[in-house]
Amino acid sequence: MKQLNIGMVGYKFMGKAHSHAYKEVPMAFPGSPVPVMKAICGRNKAGVEQAAAQFGWESAVTDWRELVQRDDIDIVDINAPSDAHKEIAVAAARAGKHVFCEKPLALNLADAREMLQAAEEAGVKHMVSFNYRFAPAVQLAKKLVQEGRLGRIYHFRAWFLQDWIIDPDFPLVWRLDKKVAGSGAHGDLGAHLIDLAHFLVGDIEEVVGMSETFIKERPLPSSMTGLSAKGDASAPKGEVTVDDATLFLARFANGALGSFEATRFAPGHRCTNAFEINGSKGSVKFDFERMNELQVYFTDDADDVQGFRRVMATDPAHAYMDAWWPAGHSIGYGQTFTHVIVELLNAIEEGRQPVPNFRDGVKCQAVLEAVEKSVEERRWVKISEM
């Protein structure tokens, strides 16, 4: 079986998720190329060495420039903070490496376009990690839309609700710094909703939005890891430079209407990533907190049994599920990344671009920035303006 050597930049929350996926692929998908976890990279020597031992990487390095030039690396996986994406991706592509990058693709649309251009000019494969596409229930929703079983699509509404920074004394982590993260809930959470909209319904044509930063200043952190951090409420404070919540309306090119909400200020919602699609023949509802289920309604059901039905997307008939457990046995968050990696590895083996790729990342970034422009200028903004 063909092997592909991985060099990964980043070793915290997403580094753990990606490492878990690389280890699962050979067990669950034996027909795919085998990912070899060659080297993991991070700036903190002790931290990255500990991650290498914990996650199962062959070696640890502290200089990504060295990593992307190594002859024994085929794929460069980037899950460092957003401000590092462009420089690493461009260098990796120019070194002839395939590039796998976390979302959002870049800090801004100009950087995202530069990343796409570099990858295309180098002729390498490129992928962006919109992992929620790869839940089997989401794949089922796509199938129902694509086959016309929901009819003409009228509405797409989506919301991604979290509450992990609701405490005003929660420290000023990097995700709250625009220079590092690019944006707040909008780019972190809203990017997933936008990609799901593109995947399930089609291109967005114009948007109008609003946003708010509820807590303007926060204590500086003493340490941070993933979505957690340590700090003292009495520590000096720094300015929050990203949005805490962004909402926007959208018109799709096919005439459908959309509404989107991304917030980190919804108490009780740990990770409510949900959408509903309404069409002329039926509707579907999905919530990632119940990720193995899709709620499905068809208008042509008999009058006495009409209503949403719960479909467990866990049978072999559903995407990816023949690789896992007996029917009715659930999979979890980690498996969405496993499915992403399978798509990446198979695409490289087959000589095609994986999906979603940097083109999808650029398209998402254009919508993100159109919403920001709308918020600033208080008007509808066409995506073609970006």
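User: Which residues line the largest cavity?

Analyst: His-186, Gly-190, Leu-193, Ile-194, Thr-246, Phe-248, Phe-260, Glu-261 and Ala-262 line it. This is a predicted model, where local features need pLDDT of at least 70 and side-chain atom pairs count only at pLDDT 80 or more, while totals for chains, interfaces and linings use all residues. Residues are numbered from 1 along each chain as its sequence is written, and side-chain values use heavy atoms, with hydrogens and water left out.

User: What counts as a cavity, or a pocket?

Analyst: On a 1 Å grid over the protein atoms alone, a cavity is a set of points where a 1.4 Å probe fits but cannot get out; a pocket is an open set with protein on both sides within 12 Å along at least five of seven lines; lining residues have an atom within 4 Å of a point.

User: How much space lies in the largest cavity?

Analyst: About 40 Å³, taken as the space filled by probe spheres set on the points, with grid points joined across faces, edges and corners. A search of the whole structure finds one cavity of 30 Å³ or more.

User: Which element gives the most to its lining?

Analyst: H8, with four residues. Helix H8 (185-200) and strands E13 (245-252) and E14 (257-263) each supply at least two. Helices (H or I, at least four residues) and strands (E, at least two) are DSSP runs, numbered from the N terminus.

User: Switching to the second largest pocket: what lies nearest its centre?

Analyst: Lys-178, Ser-211, Val-242, Asp-243 and Glu-372, out of 14 lining residues. The pocket holds about 230 Å³ of space, and helix H10 (residues 358-377) gives the largest share of its lining, four residues.
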